[in-house]
Amino acid sequence: MGLTKTEIFTAEQNRMADLAKAFAHPARVAILQMLIARKACVCGDLVDELELAQATVSQHLKELKRIGIIQGEINPPRVCYCINPTVWQEAQQTFGAMLDAFIPESASCC
């Protein structure tokens with residue numbers, strides 16, 4: 001497998017791809033939906049509700065936190081997670097601008 005040449009793309013393109021990773025797996029989508037529905041920090045009960053292994057949920061949380069779309073607070077023995085509103089707004093603006101740039105009625109397609 002070849003290496004990804006992220007350096008040939010703009011910072012904006014790389015960031016958009018990173019934000020897209022948050023929505024690129026159904027488990028991450030489910031986690032985000034749960035956090036949105038709760039409108040509060042969620043501590044520990046994600047595993048029970050998702051019916052996934054603790055390690056799997058932890059890996060998805062780690063990726064979402066790396067992207068920045070969620071934030072966590074460590075209160076031993078638990079870690080509480082919630083949506084990061086700043087990054088969520090960034091994702092809305094980023095994808096909204098791209099989606100709004102294409103107007104289907106004015107496009108001629110092959």
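**Reading the labels on this chain**

Analyst: Let's start with contacts: of those in the chain with a separation of 6 or more, 55% are between residues 24 or more positions apart. Keep in mind that this is a predicted model.

User: OK, and what elements does the chain have?

Analyst: Five helices and three strands. Read from the N terminus, the order is α-α-β-α-α-β-β-α.

User: Is the chain compact or spread out, and how do you know that?

Analyst: You set its radius of gyration against the globule rule. The chain comes out at 17 Å, while the rule gives 13 Å for 110 residues; 17 Å is well over that, so the chain is more spread out than a compact globule. As for its dimensions, the C-alpha trace spans about 55 × 35 × 25 Å along the principal axes.

User: How much of the chain counts as buried?

Analyst: 25% of the 110 residues. To get that label, a residue needs a relative accessible area under 20%.

User: What makes a set of residues a nonpolar core?

Analyst: They have to be buried, be of the nonpolar kinds that count, and be joined through side-chain atoms within 4.5 Å. Here the largest such core has 20 residues, and L32, L35, L61, L64, I69 and I70 touch the most other members. The elements giving two or more residues to this core are α2 (26–38), α3 (46–50), α4 (54–67), β3 (78–83) and α5 (85–101).

User: Which residues does L61 touch, leaving aside neighbours within four places in sequence?

Analyst: I31, L46, I70 and Y81. Each of those pairs has heavy atoms within 4.5 Å, so each counts as a contact.

User: Is E51 buried or exposed, and how do you know that?

Analyst: Its relative accessibility is 71% and the cut-off for exposed is over 50%, so E51 is exposed. You'll find E51 in the loop between α3 and α4.

User: What makes E51 stand out in its backbone?

Analyst: E51 has a positive phi, about 55 degrees, even though it isn't a glycine.

User: What label does T94 get, and why?

Analyst: T94 has 22% relative accessibility, which sits between the 20% and 50% cut-offs, so T94 is partly exposed. T94 is in helix α5.

User: What does T94 touch beyond four places away in sequence?

Analyst: M16 and L19. T94 and M16 are 78 residues apart along the chain, yet their C-alpha atoms are separated by 6.9 Å.

User: Why do T10 and N75 get the labels they do?

Analyst: T10 has a relative accessible area of 38%, and that falls between 20% and 50%, so T10 is partly exposed. N75 is at 38% relative accessibility, so the label for N75 is partly exposed too. T10 lies in the segment before α1 (11–21), while N75 is in strand β2 (residues 70–75).

Methods:
Residues numbered from 1 in each chain as written. Predicted model: local features only at pLDDT ≥ 70, side-chain atom pairs only at ≥ 80, totals over all residues. Heavy atoms only, no water. Buried < 20%, exposed > 50% of the residue type's maximum accessible area, 1.4 Å probe, protein only. Helix = DSSP H or I, 4+ residues; strand = E, 2+ residues; numbered from the N terminus. Rg over C-alpha atoms; globule rule 2.2 N^0.38 Å.
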